[in-house]
Structure formats: structure tokens, C-alpha cells
Amino acid sequence: MSIYDQFGVRTIINAKGSSTRVSGGFLAPEVAAAITEAGQYCVDMADLQSRASNTISELTGAEAGIVTSGAAAALLLGTAACVAGLDPSKMNRLPDTHGMRNEVIMVRSQRNFYDHAVRTVGVKIVEIGLPDRYAGAGVRDAEAWEIGDAITPQTAAILYVMNGNARPALKEVVQVAHQMGVPVIVDAAAQLPPVSNLKRFIAEGADLVAFSGGKAISGPQGTGILCGKHDLIMSAILQNLDLDIDWEQWAPPPFFIDKQRLKGLPQHGIGRTCKIGKEQIVGLLVALKAFVAESDDHRQQRFGEIAKRLQRSIGTLKNATVTFQDGLIPKLVIAVNANAPANARKVMLAMQNGNPSIIADPSRVDQGQIGISPACLRPDEVDKLAARMRELLG
Ligand SMILES: *Cc1c(COP(=O)(O)O)cnc(C)c1O
């Protein structure tokens, strides 16, 4: 019995990894305890975020940082910061960006569903480059000079979506952007591990970096991090905090929000919608410290052992081959035989529709492969999952 039974919700076996749709992963006991304890007291939210900033800046090398309600929220807040700066009247007007720098440049091949968070601020995305690599024969994508060429007085920021295939290199993008005084926002939501990536994009010159807290960091599902330049973080938090207070009474920590630099107190900003609670902030900080404390090698080994235990428990299948694929987060690949009675997609649907429901990684299902991630498997689920695989493919 779990708390979910009380509300008529069935739990699932998450063999996909920390995806939002399947509720991320699960919390380490120390994170769960921190959340419970945080909920027993009241604090000033600006004070709490200022201390979060100190921890985030220590672990990322950024000047400042805040805990957000997800990486997508971090992208929204970061964009709002690049558009409004420290001008309270601009903050009040968003998403009306009339008369403001209201364009964000993106490499066309990096466009994705999450850039809706950026567009929410009222900016237009200007796409550049042609992903010729897509043609198979092609080797080229957008080049740094094309980004430089696209920058105009309307450009608020460049959004760079990091992954192993991202072109051009971040360092080159930063160079052209900074030459023209334009900030670079990096969407690094799913770029952990390695732990070193917490520092890498800031070190390469990014002005703002967004990470998801509910993915590899294993924080509360609805959390993220926005870190970067102090002024931009100050703008972001001003547009996120509840500001139902008068100027005299308002006393945020000056090292975090320097009141003297503002001509007045803005109203609730566009990011007030991305409210985050004290429980989530504290939970994320505790999870982040634990994430950094575990080495990449140790994490790889820990997940690798779960994957190998699952592989042994599955044994040999008549209709598929199970391979262990090593990596920072190792996984199993179940390749369904071409002559099997049910193809990979049908097997995956049967997994999903069974009891308990098992959700696997569908990204290569059309190539006949079912991906199994150990990252969000509970120890007692390994044998259940193995039994179901034998039932379906054995
Ligand atoms: C997951 C993801 C996001 C969103 O992160 P949340 O923490 O779920 O809001 C944004 N961008 C990319 C590339 C992602 O993979």
C-alpha cells in the first residue's frame, strides 16, 4: 500500500528514467526528510533564495543562482531577465515586449518543445542556420558567424540547447554574442551527469544556465536551477518572488537583491506563475549536495549493478537479446528479434498495459529496441520487471 492508493492512483514501474511524464524518479531518504522538516517552519522567501544562491554558486561557479519550478521555468525566468533587465516598468509590462529587445536567436536544429517557455515571455524566436547534417550526406549546421550576423538591436539573448551534437561549439557562440553585448542562455536541463557539467557551461562563458532538478539530480520532481550572472539572476528572482509588500518594509538581502539599484518595486512579475515552495527549494539543495558528493564513477557503478542484476534476472529470452550498455548512466537494450510474434512497439505497449504497468524508453522502438534505464527502478521492482520480460519475450 502506498499513499497513492488512498487517491486511487496506481504506481508504475519506471524503466524509462527520470522523465516528467512518468513523475521523475524517487527521493533519497535524506531529501524526503529535508522536505518534511522544511515544511514545519516559515521563512522569508527572498532570504531562502539568497542562501540557495550561495550554495548554487559554490557548486556551479556562477555568480548567483536560484531554485526554480523546473528547468522550463528557469528558461522563462532567464529570458524575462534578459528582456527586462533591472527595469521595474519593463517587468510589469511583460509579456508585452513592445519597444523592448524582444528577439531570441536560436540555431534552427536546436528548436524543441521546451522553447515555448522562452516564447511565453513575449519574444520572437529568430532561427538561423540550416541543419544539413540531417540530409545524411551533409556535415554542416549553423556556424558562429551566422549567429553574429543575426544579432540586431532587438536581440535580447541567444538560447543554446546543449547536448552532445550541439553546433556550433558554445565557446564560439559566447564569443560572437559577447562581442555584441548579447547574453547567452544555455538549456542544460538534461546534461547531468557528469557532475563537472554543473560548472562547465558557466566556465565556457554562458550568462545563464538552466538545469532540471527532477532529472539526474534526483531533487523534487518540480524543481530546477537557474544560475549565472548576478544582475540577470537578480532580475529573474524579482520577476519570480511574491512582492505584495511596500518599499519601506521590503528588506531583501542586499548581496542578492540590491534595492538601491531599483527605481521602484515591480508588481508580481511574469515569473510569479512559476512559484516555488520552501519545501522544494530545501529539497533541491539537499539533493544537489548529495549529487555532487557522489562521484560519476560511483553513480555509474551503482546504476550498472542494478542493470546487470536485471539482466541476470531476465536470463536468456527466446524472442530477444538483452545487452548491457555502459555509460554515465548504464542501461539495458532489449532488441526484439525480427521474427518474434510481437514487435518491439507491441511488447512495449503490453508492458505499459500490464499490471503493474511498466514504462520503458521508446526512443528506438522503431529500430526494434526497448530501452531499460535502471535510474528510477526501486530494488523490489527488478525481479517483477524481469518476470514480465520473460512472460512477453521468453
Ligand atoms: C527536461 C528538459 C527541460 C525541462 O526541464 P523541467 O525541469 O522538466 O522543466 C528543458 N529542456 C530540455 C532540453 C530538457 O530535456
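A residue counts as buried when its relative accessible area is under 20%. Keep that cut-off in mind as we walk through this structure, which is a predicted model.

Let's start with a pair that uses the cut-off directly. Arginine 299 and glutamate 294 are both buried, and their side chains meet in a salt bridge with an N to O distance of 3.6 Å. For glutamate 294 the relative accessible area is 14%, so this residue falls under the 20% limit. Glutamate 294 also forms a salt bridge with arginine 302, at 2.8 Å from N to O. Arginine 302 has 36% relative accessibility and therefore counts as partly exposed.

Side chains of opposite charge can pair when their charged atoms come close. Across the whole structure, a search finds 19 salt bridges. Some of them link up: Arg108, Arg111, Asp115, Arg119 and Glu127 belong to a network of salt bridges. Within this group, aspartate 115 and arginine 111 have their closest N and O atoms 2.8 Å apart. Aspartate 115 is buried, because its relative accessibility is 2%, whereas arginine 111, at 30%, is partly exposed.

Now turn to the ligand. Its shell holds five nonpolar, four polar and two charged residues, including Tyr114, Asp187 and Lys215. Oxygen atoms of the ligand lie 2.7 Å from a side-chain N or O atom of serine 212, 2.9 Å from a polar backbone atom of alanine 72 and 3.3 Å from a side-chain N or O atom of threonine 20. Taken alone, the ligand exposes 380 Å², and the protein buries 84% of that.

Finally, look at the surface, where Ile3, Tyr4, Phe7 and Val9 form a nonpolar patch with about 440 Å² of accessible area together. Isoleucine 3 sits in helix α1 and is exposed, at 52% relative accessible area.

Notes: Residues are numbered from 1 along each chain as its sequence is written. This is a predicted model: local features need pLDDT of at least 70, side-chain atom pairs count only at pLDDT 80 or more; totals for chains, interfaces and linings use all residues. Side-chain values use heavy atoms; hydrogens and water are left out. Patches are made of residues with over 30% relative accessible area and no salt bridge: like charges are joined within 9 Å, nonpolar side chains (Val, Leu, Ile, Met, Phe, Trp, Tyr) within 5 Å. Accessible areas come from the Shrake-Rupley method with a 1.4 Å probe; for residues, only the protein chains shown count as cover. A salt bridge is a side-chain nitrogen of Lys or Arg within 4 Å of a carboxyl oxygen of Asp or Glu. Helices (H or I, at least four residues) and strands (E, at least two) are DSSP runs, numbered from the N terminus. Buried means under 20% relative accessible area, exposed over 50%, partly exposed in between (1.4 Å probe, protein chains only). A residue is near a molecule or strand if one of its heavy atoms lies within 4 Å of it. A polar contact is a pair of N or O atoms within 3.5 Å; within protein, one must be able to donate a hydrogen and the other to accept it, and residues adjacent in sequence count only if both atoms are side-chain atoms. Ala, Val, Leu, Ile, Met, Phe, Trp, Tyr, Cys and Pro count as nonpolar, Asp, Glu, Lys and Arg as charged, and the others, Gly among them, as polar.
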